[in-house]
Amino acid sequence: AMQHGESQAAAYGASTAVVLCQQGNFLGVANLGDSGFMVLRKGPTGMSIIIKSDEQQHSWNCPYQLTRLPKTLLNRFPKLQLDKARDCECYSVPIREGDLVIMFSDGLRDNLHDREVVSLVNRTLSPMCADLVGLLDR
């Protein structure tokens, strides 16, 4: 999906990207840059992170990005190496009923630690949602 999007892009610019597809009890995820995903699962003390994507950065604050530039600009920088969809990290993740999947931009990583995300999830699920993911004690 990411390669298809890259090949069909018409606008100029750059972006990190995360693409997720669920098939049955598995998630297929492609992640490029410092966007990402995490899967949380109910445990004895609430939700906990069972997997999360790694950041991809060339250096501090320089994440991998899909980039499309005008030819005239590319010609001015012939040695410029652009990131491609094929550079993404791919994940295959088994999931269970009640798991919570969070997809996010770099704003989440930049502003919240994992323990803060878990704390917010455990404190903010509505009773109806908590019941759906099996967090209500009965």
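I started at helix α4, whose buried residues pack against β4, β5, β10 and α3 (106-111). I was working on a predicted model, in which local features need pLDDT of at least 70 and side-chain atom pairs count only at pLDDT 80 or more, while totals for chains, interfaces and linings use all residues. Residues are numbered from 1 along each chain as its sequence is written, and side-chain values use heavy atoms, with hydrogens and water left out.

**Entry 1: helix α4**

I took helices (H or I, at least four residues) and strands (E, at least two) as DSSP runs numbered from the N terminus, and contact as heavy atoms within 4.5 Å. For burial I used relative accessible area with a 1.4 Å probe and protein chains only: buried is under 20%, exposed is over 50%, and partly exposed is in between.

Which residues of α4 are buried? I found Val117, Val118 and Val121. They lie on the same side of α4, because they cover an arc of only 95° around the axis, the arc being that of the directions from the helix axis to the C-beta atoms. On the other side of α4 I noted that Arg115, Arg123 and Thr124 are exposed.

I then looked at how the helix is placed: α4 (residues 114-124) lies across β4, β5 and β10 and runs at about 140° to β5. Here the axes are lines fitted to C-alpha atoms, for helices over the stretch in contact, and angles run from 0 to 180 degrees between N-to-C directions.

**Entry 2: the sheet under α4**

I count two strands as paired if DSSP finds at least two bridges between them. The strands that α4 lies across, β4, β5 and β10, belong to an open sheet of three strands in the order β5-β4-β10, with antiparallel pairing. Since β5 (46-52) and β10 (100-104) are at the edges with a single partner strand each, one side of each is left without a neighbour in the sheet. Neighbouring strands here are turned by 30° against each other on average, direction ignored.

I followed β4 (residues 36-43) along β5 and found antiparallel pairing over six bridges, in a hairpin with two residues between the strands. Going through the partners, I noted that Lys42 has Met47 of β5 as its bridge partner, and that Leu40 stands opposite Ile49 in β5.

**Entry 3: the other sheet**

I looked up a further open sheet of three strands, ordered β2-β3-β9 and paired in the antiparallel sense. Its edge strands are β2 (17-23) and β9 (89-94), each of which pairs on one side only, and the twist averages 15° from one strand to the next. Strand β3 (residues 26-32) pairs with β9 over six bridges in the antiparallel sense, and I noted Val29 opposite Tyr91 of β9.

**Entry 4: cysteines**

How many disulfides does the whole structure hold? I found zero, taking a disulfide as a pair of cysteine sulfur atoms within 2.5 Å. For Cys21, the closest cysteine sulfur is that of Cys90 at 12 Å, which is too far for a bond. Cys90 is likewise in no disulfide, and its nearest cysteine sulfur, in Cys88, is 3.8 Å away. I also checked accessibility: Cys21 is partly exposed with a relative accessible area of 42%, whereas Cys90 is exposed at 59%.

**Entry 5: salt bridges**

Are its members buried or exposed? I found Asp99 buried at 14% relative accessibility, and Arg41 is buried too, at 16%.

The other joins Asp114 and Lys52, whose closest N and O atoms are 2.8 Å apart. This pair links distant parts of the chain, Asp114 being in helix α4 and Lys52 in strand β5, 62 residues apart. I have both down as partly exposed, Asp114 at 30% relative accessibility and Lys52 at 31%.

Notes: A salt bridge is a side-chain nitrogen of Lys or Arg within 4 Å of a carboxyl oxygen of Asp or Glu.
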